[in-house]
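Trainee: I would like to learn how to read side-chain contacts and strand pairing in a model. Please take me through them one by one.

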Amino acid sequence: MAWDESRQLLSKNMNQFAAIRSQRSIRILIAAVGVIFILSIFWLLPSASTTKVLGFGQGHKTDSQPTAKTITTDNALITDLSHYFADYPIQKPFKERYGELGRRNRVLRDWLIQADTSSDPTKALLLNAVEEVAISQYPFLQNPQQPKSHHPLGDLRSSFDPNSAGIVIPTSDKTLRYAAHLIGSLRSVLNSTLPIQVVYAGDDDLSPTNRNHLSSLAASGPPITFLDILTIFDDTTLKLQTGGWAIKAFAALGSTFEKVILADADAVFLQPPEVLLHQEAFLHKGALLFHDRLLWKHAFEGRHEWWRDQIRRPSDEMNASLVWTEDYAEEADSGLVVLDKSRHDTLMGLLHICWQNSYEVREETTYKITYGDKESWWFGLELAGAQYEFSKHYGGIVGWENVDEQGRRGVCSFVIAHVDSKNRLLWYNGSLLKNKGQSGMENEYQVPDKWMIDAEWVKGARKQDHSCMVEGEVRSLTPEEMGVLERSIALAKMVDALVRPVEGD
């Protein structure tokens, strides 16, 4: 609106004001005049710049094509807001602040998106604002090799190889055996040529000798690379050497791959991992997750109250969740996560996930209310407004047929199984061992031949006890699937001769 038009409108409103006798009407008109005056000033502010940007998901294929819109950038407002976020970062007690941090990350996401289509000085202003907030809220971003950098997030993003994709396996001396089984199977059984990066937290976590053992499993594929996470992030607020599951989120963030297939060391694949990069859910949303088992309905009231308090406006993905709508206990199996870090929304969601797994936050809340890192993945993406999609099925089972005391046919084992978008077995957790959690069964392998999904779980009393799925269709593994497992187990036995003496078993 031009200044003359604003002045004419002001004059008209003042004439109306003189004719009004009601005190309530006077207050309303004063407010209206004030709004018009303020808007007129903002329209004339020299600090504002106009930028044409794409809507959410800019630069990526989404369910709905992004639409161009014009955004007016108020430089003073951006500066004030970044100062506020930096001066008052989220601090303890953390429990009630997860949602607030998510909202802040949404602002950072929007600034990054807008910076992509802006020119200087607006571009520099936006990127500097993001860095100011990131340095304050995420001190772990300060790379120990560049501790005084004023743009640690930009440095990290620059370390991602453009258009790259690979498998990231966090492991340690304690999980070396399973990582060796996984790498051997990926390369020598499934013939995957995706690069593999093993992530660890210093020599005391994964020794040079054991890294050499893993390197020898590269077969004809690219060499296995290694990433000491302590050289990427400041460990002061993380304590990753003793953090257990916590290293996983930082492995995903710190990896040089732009598209990350993050796999637990005890994951077992029945198809080449390359298929994950072509799943529609990943292509459309940039983040593919897998569900846990449907268990313990209404058993964790406090957990659900906390989720609902922090998630004020659930996404469509959340509203489709049976954990969200029917109060089952656990949503995610984080043994496999697929992320596209080139997307700004995914990156901001991953920063939130990392924050949840930082030392003070995980000790106070994340690992107290939920089990380890499992729920932090969808929770961080959801709160930060990132797009993501779960596999359409809750966790199934791969194992052996059984008839229980009630005469119900089922499948029993010690693992959780998952399928691809065409309902074909894709992977399961728990290792190639029949029961890796049971003492005395360290060398017991057995090829499973049955599987079931979308049925009722009967959970074992203890973690090392087998569980069953009943009241569903008992399906047989295909000859190809059983062949993959047979060859993987045969290779695992050979690998054991290499790594287990070093492991000290």
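Mentor: We go through salt bridges, strands, aromatic rings and the disulfide in turn.
Mentor: This is a predicted model, where local features need pLDDT of at least 70, side-chain atom pairs count only at pLDDT 80 or more, and totals for chains, interfaces and linings use all residues. Residues are numbered from 1 along each chain as its sequence is written, and side-chain values use heavy atoms, with hydrogens and water left out.

Trainee: How many salt bridges does a search of the whole structure find?
Mentor: The general idea comes first. Side chains of opposite charge can pair when their charged atoms come close. The rule here asks for a side-chain nitrogen of Lys or Arg within 4 Å of a carboxyl oxygen of Asp or Glu. Searching the whole structure gives 25 salt bridges.

Trainee: What joins glutamate 100 and arginine 97?
Mentor: Their side chains form a salt bridge, 2.8 Å from N to O. Glutamate 100 has 31%, so it is partly exposed. Arginine 97 has 25%, so it is partly exposed.

Trainee: Are glutamate 389 and lysine 285 buried or exposed?
Mentor: Both are buried. They form a salt bridge too, with the closest N and O atoms 3.3 Å apart. Glutamate 389 lies in strand 10 (residues 389-390) and lysine 285 in helix 10 (residues 280-285), so the bridge ties together parts 104 residues apart in sequence. Helices (H or I, at least four residues) and strands (E, at least two) are DSSP runs, numbered from the N terminus.

Trainee: Which residue does aspartate 345 meet in a salt bridge?
Mentor: Arginine 343, at 3.2 Å from N to O. Aspartate 345 is buried because its relative accessible area is 4%. Arginine 343 also counts as buried, at 1%. Salt bridges can chain up as well: Asp292, Arg293, Glu330 and Lys374 are linked in a network.

Trainee: Which way do strand 3 and strand 6 run?
Mentor: Strands of a sheet pair through backbone hydrogen bonds, either parallel or antiparallel. A pair needs at least two DSSP bridges between the strands. Strand 3 and strand 6 (residues 257-263) run parallel, joined by five bridges. Glycine 166 stands opposite valine 260 in strand 6. Strand 3 also pairs with strand 4 (residues 196-200), again parallel, over four bridges. There, isoleucine 169 faces valine 198 as its opposite residue. Seven of the 10 residues of strand 3 (residues 161-170) are buried, so the rest of the structure largely encloses this strand.

Trainee: What unit do strand 3, helix 7 and strand 4 make?
Mentor: A right-handed β-α-β unit, with helix 7 spanning residues 176-188. Right-handed has a viewing rule: with the strands pointing away from the viewer, the path from the first strand over the helix to the second runs clockwise.

Trainee: What order does the open sheet of three strands have?
Mentor: The order is 7-14-13, with antiparallel pairing. Its edge strands are strand 7 (268-269) and strand 13 (417-419), each pairing on one side only. Three bridges join strand 13 to strand 14 (residues 425-428). Histidine 418 stands opposite tryptophan 427 in strand 14.

Trainee: How many aromatic pairs are there?
Mentor: Rings of Phe, Tyr and Trp (its six-membered ring) pair if their centres lie within 6.5 Å; planes under 30 degrees apart are stacked, over 60 edge-to-face, and the rest tilted. The whole structure has 17 such pairs. In tyrosine 84 and phenylalanine 85 the ring centres are 6.1 Å apart and the planes at 55°, so this pair is tilted. One cluster holds Phe94, Tyr98, Trp306, Trp307, Trp355, Trp378 and Phe379.

Trainee: Which ring does the charged end of lysine 341 sit over?
Mentor: The ring of phenylalanine 160, 3.7 Å from its centre. The rule requires NZ of Lys or CZ of Arg within 6 Å of the ring centre and within 35 degrees of the ring normal.

Trainee: Which cysteine does a disulfide join to cysteine 412?
Mentor: Cysteine 468, with S to S at 1.9 Å. The test is a pair of cysteine sulfur atoms within 2.5 Å. The torsion about the S-S bond is about 100°, so the disulfide is right-handed. Cysteine 412 lies in strand 12 (residues 409-413) and cysteine 468 in strand 17 (residues 467-470), 56 residues apart.

Note on methods: Buried < 20%, exposed > 50% of the residue type's maximum accessible area, 1.4 Å probe, protein only.
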